[in-house]
Amino acid sequence: MTPQGYREVELICNRSSLLIHGGTEEERRCWAQEAARNFDVELVEVRQAAELPQALRHPNGVVFIADVARLGREAQFALLRCLQTQEERPKLVLGVSGAADAARARGTLREDLHYRLHQAQVDLQKDGLRDVLKRRWAQQAEQLALKAAAARVAEEQAREAAAARRPGTVTRTAPKPKGMSSAARGKAESRNAVR
């Protein structure tokens, strides 16, 4: 029996690092952006090996590498060490152009890195997955547009309310606190005068 690993819908929502392969670089980036939105964080994209140490310092972030093979074996070793030793680490979305097994066979993807992530892989070439993702991304784009429109309306209403309060007008937002009565004030003054 062959172990199945995580499903795509589980990987998009959990903190597991993964290999994403197949599809275009833009599709892999869109998948990583969706994962970042699920955790309410900005997507950190690494294009060069020199950017990797800084990116790995974001323990709650999502780090996307479009094609991990382009970074080289030393950077892949740094990723492997991060997976093995950092308890609090970012979610790593490691892209591979083509199939992950083919990249491993060519030697452009480290065997040990592939082994570490073999249970967490998203194959964008899988039948029907691209269509499911395109529908899901279209729905999310629609929801984001609605949220942005609602935020603009609220901002405009706040601006109009602020403009309605012209200089010189009195706007009371809370009741005025009650002060001491004149009789109580007189008693306090007489006590202070006797001393």
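Helices (H or I, at least four residues) and strands (E, at least two) are DSSP runs, numbered from the N terminus. The structure is a predicted model, in which local features need pLDDT of at least 70 and side-chain atom pairs count only at pLDDT 80 or more, while totals for chains, interfaces and linings use all residues. Residues are numbered from 1 along each chain as its sequence is written, and side-chain values use heavy atoms, with hydrogens and water left out.

**Overall architecture**

- The protein has eight helices and five strands, in the order α-β-α-β-α-β-α-β-α-α-β-α-α from the N terminus on.
- Of the 195 residues in the protein, 31% are buried (under 20% relative accessible area, with exposed over 50% and partly exposed in between; 1.4 Å probe, protein chains only).
- Contacts (heavy atoms within 4.5 Å) between residues at least 6 apart in sequence join residues at least 24 apart in 68% of cases.

**Helix α4**

- Helix α4 (residues 73-85) has 13 residues and spans 18 Å from its first C-alpha to its last, close to the 18 Å expected at 1.5 Å a residue (1.5 Å times one less than the number of residues).
- The buried residues of α4 are A75, Q76, L79, L80, C82 and L83.
- They lie on the same side of α4 because they cover an arc of only 155 degrees around the axis (taken from the directions from the helix axis to the C-beta atoms).
- Exposed residues E74 and T85 are carried on the face of α4 turned away from its buried side.
- Packing partners of the buried α4 residues are α3 (52-55), β3 (62-65), β4 (91-96) and α6 (111-116).

**Helix α7**

- Helix α7 has 36 residues and reaches 52 Å from first C-alpha to last, close to the 52 Å expected at 1.5 Å a residue.
- L129, L133, R136, W137 and Q140 are buried in α7.
- These buried residues of α7 pack against α1 (8-13), α2 and β5 (121-123).

**Second largest pocket**

- A pocket is an open set of points on a 1 Å grid over the protein atoms alone, where a 1.4 Å probe fits, with protein on both sides within 12 Å along at least five of seven lines; lining residues have an atom within 4 Å of a point.
- The second largest pocket has a volume of about 160 Å³ (the space filled by probe spheres set on the points, which are joined across faces, edges and corners).
- Its lining consists of R37, N38, D40, Q140, Q143, L144 and K147.
- Both α2 (25-38) and α7 (129-164) supply at least two residues of this lining, and α7 gives the most, with four residues.
- By class, the lining has one nonpolar, three polar and three charged residues (Ala, Val, Leu, Ile, Met, Phe, Trp, Tyr, Cys and Pro count as nonpolar, Asp, Glu, Lys and Arg as charged, and the others, Gly among them, as polar).
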